[in-house]
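Hello,

Please find the structure below, handed over for your work. My notes on its side-chain contacts follow.

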Amino acid sequence: MDEKEINDLFLLLSIVAFCIAVVLVTLFIIFQKRKNKLLLNQKDAEKRFEKEIITSKIEIKEETFRNISWELHDNIGQLITLAKLQLQNDDHKEAINQTLTNALEALRTLSKAANPEALKNISFVEALRQEIERFNRLKYLKASVKTKGTVVELDARVEIVLFRILQEFFSNTIKHAKATELSLYIDFKATHLKIDAIDDGIGFNNSDTDTLGIGLSNIVKRAQLIGATAQIDSTLHQGTKLSILYFYKE
């Protein structure tokens, strides 16, 4: 191989090496850009998640105080009015005593609900039980809750969002569905939590997204933020069902 051929070969190898270097640098730049974009997306997702937690906490407190206001008016207020009417008849002493006992018990329940520390320490399942009991106590509708499996303690932030999702569905059932029954099923499976909330209300056309409303639309978005799935199925005049699936984090 003469000197010219060696020089040509060296030039060719140099060009190939340069092209490889350019490709590697380009790939590195693309990788860095994608990495930075992924990190920014992760930070953005974390910010949205934290914002949702704060929003859910505020909404839960607002809902709690609205419930307290309703119960003071619809339950305790009526009990006190009844006791006042019974006082007009001396023969109703035993009935008056029972009415006032019921009113005091209702006040104790309300004081627990209004206590921030009690709300902080209460379990997810117990909080849902109290919501269901309140519906029955105020005779909004006939409500029930059933749990299955061994209870798995979830991240507190996840529980807050799940509770708010269900609270949103309950509120929709009470205010708009014209339901007479509400059933809640909580199933702790080996790998995931399955929750079904079902009402027998007026329902809506499941294919018509316009009838979903802001509240029910928020349910789906909130579920996505915690890595859960929420599906709402409804049939006109046959009720609505909310199904939630949340897979435990390892």
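**Salt bridges and an aromatic pair**

Arg-164 is buried, with a relative accessible area of 7%; buried here means under 20% relative accessible area, exposed means over 50%, and partly exposed is in between (1.4 Å probe, protein chains only). This is a predicted model, in which local features need pLDDT of at least 70 and side-chain atom pairs count only at pLDDT 80 or more, while totals for chains, interfaces and linings use all residues. Residues are numbered from 1 along each chain as its sequence is written, and side-chain values use heavy atoms, with hydrogens and water left out.

Arg-164 forms a salt bridge with Glu-168, at 3.8 Å from N to O. The term covers a side-chain nitrogen of Lys or Arg within 4 Å of a carboxyl oxygen of Asp or Glu. Both residues sit in helix α5, four residues apart, so about one helical turn separates them. Helices are DSSP runs (H or I, at least four residues), numbered from the N terminus. Glu-168 is buried as well, its relative accessible area being 15%. A network of salt bridges links Arg-164 and Glu-168 with Arg-222.

How many salt bridges does a search of the whole structure find? The search gives six. Two others among them are as follows.

- Arg-157 and Asp-155: the closest N and O atoms are 3.4 Å apart. Arg-157 is partly exposed at 34% relative accessibility, and Asp-155 is also partly exposed, at 38% relative accessible area.
- Lys-189 and Asp-187: the N to O distance is 2.9 Å. Lys-189 is partly exposed, with a relative accessible area of 33%, whereas Asp-187 is buried at 14%.

On the aromatic side, rings of Phe, Tyr and Trp (its six-membered ring) count as a pair if their centres lie within 6.5 Å; planes under 30 degrees apart are called stacked, over 60 edge-to-face, and the rest tilted. By this rule there is one aromatic pair. The pair consists of Phe-135 and Phe-170, arranged edge-to-face with 5.7 Å centre to centre and 85° between the planes. Distant parts of the chain are linked by this pair: Phe-135 belongs to helix α4 (residues 124-137) and Phe-170 to helix α5 (residues 156-177), 35 residues apart.

Regards

Key:
Helices (H or I, at least four residues) and strands (E, at least two) are DSSP runs, numbered from the N terminus.
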